[in-house]
Amino acid sequence: MVVKVYGPAFASPKRVIACLIEKEIEFETVPVDLLKGEHKDPEFLKLQPFGTVPVTQDGDYVLYESRAIIRYYAEKYKSQGTDLLGKTVEERGQVENWLEVEAHNFNPSIYALTLHVMFASKMGFPPDENLIKESEEKLGKVLDIYEERLSKNKYLAGDFFSLADLSHLPFTQYLVGQMGKEYMITSRKHVSAWWDDISSRPSWQKVLQLYAPPF
Ligand SMILES: N[C@@H](CCC(=O)N[C@@H](CS)C(=O)NCC(=O)O)C(=O)O
């Protein structure tokens, strides 16, 4: 069955696509234009009642939380493509630990920066400069913890690339690219080496080549 991924132009769906490429799973994409409000169309809401992308459709099996989707495919196809979950339960524990860190410590501030630095003017609302400043400070503190972690481990969960690293790719790409805040990465030696490593993986380069950002 070919997996359909909705919304490939946007960051969270790119998390899913990078995982499917690493796992060598066949997929096709369905565009959803958030700037035109297509994620609030009644037909789309039948698939994703909260009105966000991604959604995946695998036959009649539908999922719509990007981190749940990557866990599902990494587990379902554990022995195919890159193993993204670790070989032991202890390694799996670390993968889960750092996936949760990404979702709850890293993502809130980088998501706020994305919305206010990149999307506000396109979406017709003024960027909140206080929120931008506060989010950058919070993200800096999170990255300081990453710097410490990555000074002792090549990747977040240990010495192997995993979902925990992969999950950081889409929004960090915005940070170093369209947001012009590359210094947040390059000023931290170990974070910088980690970013160079994970962002140069063929899977991520393919995602960038195939699916241009929305603007
Ligand atoms: N927790 C969700 C968040 C998905 C998400 O925030 N998607 C953004 C695009 S990157 C979106 O659809 N935004 C539109 C909106 O919030 O109205 C996931 O990880 O799948």
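**Figure 1. Val 5 faces Thr 56 across a strand pair.** Val 5 stands opposite Thr 56 in strand S3. Strand S1 (residues 3-6) and S3 (residues 56-58) run antiparallel and share 2 bridges. Strands (E, at least two residues) and helices (H or I, at least four) are DSSP runs, numbered from the N terminus. Two strands pair if DSSP finds at least two bridges between them. This is a predicted model: local features need pLDDT of at least 70, side-chain atom pairs count only at pLDDT 80 or more, and totals for chains, interfaces and linings use all residues. Residues are numbered from 1 along each chain as its sequence is written.

**Figure 2. Four strands build an open sheet.** The 4 strands follow the order S2-S1-S3-S4, with mixed pairing. Strand S2 (27-30) and strand S4 (61-63) are the edges, and each pairs on one side only. From one strand to the next, the twist averages 20°. Helix H1 lies across S1, S2 and S3, at about 155° to S1. Axes are lines fitted to C-alpha atoms, for helices over the stretch in contact, and angles run from 0 to 180 degrees between N-to-C directions. Contact means C-beta atoms, placed from the backbone, within 7 Å.

Figure 3. Which elements give two or more residues to the shell around the ligand? The shell includes Phe 10, Ala 11, Ser 12, His 39, Glu 65, Ser 66 and Arg 67. Helix H1 (11-22) and helix H3 (66-76) are the elements that give two or more. A residue counts as near if its C-beta atom, placed from the backbone, lies within 6 Å. By class, the shell has 5 nonpolar, 5 polar and 2 charged residues. Nonpolar covers Ala, Val, Leu, Ile, Met, Phe, Trp, Tyr, Cys and Pro; charged covers Asp, Glu, Lys and Arg; the others, Gly among them, are polar.

**Figure 4. Two backbone features in loops.** Most residues other than glycine have a negative phi, and most peptide bonds are trans. Val 53 and Pro 54 are joined by a cis peptide bond, with omega about 10°. Pro 54 sits in the loop between helix H2 (42-47) and S3. Glu 24 has a positive phi, near 55°. Glu 24 lies in the loop between H1 and S2.

**Figure 5. Two annotated spans.** UniProt, in an unreviewed entry, places "domain: GST N-terminal" at residues 1-81. That span is 36% helix and 17% strand, and its end C-alpha atoms lie 17 Å apart. UniProt also lists "domain: GST C-terminal" (unreviewed entry) at residues 88-215. Residues 88-215 are 74% helix and 0% strand, with end C-alpha atoms 42 Å apart.

Terms used. Contact = placed C-beta atoms within 7 Å. UniProt positions renumbered as here; feature names shortened; annotations may be inferred.
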